[in-house]
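Hi,

Here is the structure I promised to pass on to you. Please open it alongside this email.

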Amino acid sequence: MSLALLPPILSSIFRIFVYIFLQIIPTRLAIPALPLLHIAYLSALYLSIDHPDPAKSHPKHRDPPPLAAVFLGLKTRDSLPNILNVLINTGLLLASLDLALNPLVFPEQAVVFTRVGAVYPDAAKIMLRYPLANESEHRVQVLYREATQSVASWKDGPLVTLSKENDWVNATSLADLWPDTKYEYIFSSTNGTLLPYPRAPIHFQTFPDPRLHSGSHFKFIVSSCMTPNFPYKGPLARSIIQGFDLLSQSLTPQPLPIAPVLGAETNETESPAAHNETVIAAPATILPKFMLFLGDFIYADVPIYFGDDDEAYLRLYRRTYASPSFRKIYEHLPMLHAYDDHEIINNYGGSGLDPSPYPSAANAFKLYNGAANYDSPALGDHYYNFTHADVAFFVMDTRRYRSDIETVPPLERTMLGEKQLETFNSWLAKVNNTATFKFIVSSVPFTSLWGHDAVKDSWAGYEVEKTQILQDLHSVPNVFILSGDRHEFAAIEFTGESEGSYTVQELSTSPLNMFYIPFVRTLKTQSEDTVQRTRTEVTLTEDGPKVETIEEEVPKEKVVGYLPRGNVKWSSIEVDTTNKTRPLLRLETWIDGRVAYQAETVGTPVRFASKALTYVPSGIKQLLERIGFQSKQWF
């Protein structure tokens, strides 16, 4: 090979790698590869420089056009294209370093934020970070009131202790609130001076009392997997998370892109938006009550793992909370979290032993996300459950207790661990006839249809426990599994062994703001395992209606919707149980800011057997509070 060809070849390979790293997938392999390629390119360019001998004659070569030379990295006798190529490649290397090293360069020590986490009928958890220079500890007073009483005086809430030791972040609770009531809060110092943040009061609404059994109509958002400034948009966009920007736009009262919903009992449609067509419709009629984030809130090991160190994890959380894109969401929408592997390290499994780096990773997660979740039934754990009116949720921890798939035989593996599995089974038995819809949150897919590393990292690697759980789920009506992790959207249907079993559905949505693989597909359309089903067909003949019974093989797992493309994905789930005989679930999955998939499912009616409670009007509540009654005492 001519030495003159080496610089353009190395330059082209370098630029392709940079494009993949900045725009397609921020792979860890690029960290050593890109600097080495750039050094190799500069070395080849230097060695290929002609040093003409005046005593010899040299044939004249025609240089390539300047634009082609710059675009392809070709060497010319004119120094300007060569200099431009060096500058372009150096700039691309600096951009790659900016994406990789941004958390180190901008540790966001001064970020101030607050958000609402777990919401109850009579309480709410509040997360707060308020650092104070030249101090190791200080206290902040929470002030709150009903949002409908804008002229009312503020009530003293709890005092929150913030310390440098805990990275200036802490969670507290507002208690003795009224169900289904809007509140607002601000902060003051201990001497009563109002603090400059937040600029306007933060609002939230308590959940309805589940004992009313009056049905509910609400919406929530679900997604997972994000990192700021990806795909890379330059150093000035270092804090931008496009997924949150687009989500915020979708929640504002303005015309939005949406696909038409088709009727019938269970309908799935792929909107024209999936084919890059624009459809304009009226704004959404109800706003979400909360967002479930199912893991990979940070990427501790992508593109660089900064080590098993508390600060290495903490600064990644600060970086995310400093994002103006995320602020648009967490200041207006309660956030609930699960963790997955990238909050710890890739494909982490703890076997219940909490090996490194779990302690550092779990501490950072607890401080910034976990402390504002609902309390776990087991002290120190991160799985939990909650209800919104007659709808129940169980959020699993699929990392801390999972068996090591490399060393534990298939029949002995567990994903949840004995204690968590027992808690889950107790919850499932309780909500079977006390909740209309049941949502089970798993950070990794429950289906076994995904290939590649999902064969080991998802529930596919824990088939025995999965089969046991699925068998129980098929005896419970209206069960939906919510998952993420795969950077694709898929709707999966699980069919039970027996004829009268209930169908279970899984909705897997990710990423909110991360890579997807454009050309590689690992999701099978259906499982090889099948179950026997019978159905009847009625045909009209000259002799009258003819009923025919048909036996068929139905896959145990099958894909009913699949959208792999898109760096930004979230699902909006609307639940309507106000008509007890026809409970509804409506799904909208958004891809890159447009509705790309919709489905409507009519659930099975559930009968409740318990006493009814009465709604208390605002005026009566104020009177009761004046004479000493609080919400817990009244109910």
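Below are my notes on its cavities and its aromatic rings.

Please keep in mind that this is a predicted model.

**Cavities**

I searched the whole structure and found four cavities of 30 Å³ or more. The largest cavity has a volume of about 170 Å³. Its lining is made up of 19 residues, and those closest to the centre are Thr227, Tyr299, Val302, Pro303 and Arg319. Two helices, α4 (79–105) and α6 (310–321), each contribute at least two residues to that lining. Sorted by class, the lining of the largest cavity comes to 16 nonpolar, two polar and one charged residues.

The second largest cavity has a volume of about 60 Å³. Among the residues that line this second cavity are Gly215, Asp390, Thr436, Lys580 and Phe608. Here the lining divides into four nonpolar, four polar and two charged residues.

**Aromatic pairs**

How many aromatic pairs does the structure hold? The count is 45. One of them joins Tyr120 and Tyr374: the ring centres are 5.0 Å apart and the planes stand at 75°, so this pair is edge-to-face. The two residues come from distant parts of the chain, 254 residues apart, with Tyr120 in the loop between β1 (113–119) and β2 (124–129) and Tyr374 in the loop between α8 (358–368) and β14 (384–388). Are these two tyrosines buried or exposed? Tyr120 counts as partly exposed because its relative accessibility is 25%, while Tyr374 is buried, at a relative accessible area of 6%.

Another pair is formed by Tyr339 and Phe365, with ring centres 5.0 Å apart and planes at 65°, so this pair is edge-to-face too.

**Charges over rings**

Two arginines are worth a look on screen. The charged end of Arg145 sits over the ring of Trp154, at 3.9 Å from the ring centre. Arg238 lies over the face of Phe106, with 3.8 Å to the centre of that ring.

Happy to go through any of this with you.

Best wishes

Technical notes
Residues numbered from 1 in each chain as written. Predicted model: local features only at pLDDT ≥ 70, side-chain atom pairs only at ≥ 80, totals over all residues. Heavy atoms only, no water. 1 Å grid on protein atoms, 1.4 Å probe; cavity = no way out; pocket = protein on both sides within 12 Å on 5 of 7 lines; lining within 4 Å. Points joined across faces, edges and corners; volume = space filled by probe spheres on them. Helix = DSSP H or I, 4+ residues; strand = E, 2+ residues; numbered from the N terminus. Nonpolar A, V, L, I, M, F, W, Y, C, P; charged D, E, K, R; others polar. Phe/Tyr/Trp six-rings, centres within 6.5 Å; stacked < 30°, edge-to-face > 60°. Buried < 20%, exposed > 50% of the residue type's maximum accessible area, 1.4 Å probe, protein only. Lys NZ or Arg CZ within 6 Å of the ring centre and 35° of its normal.
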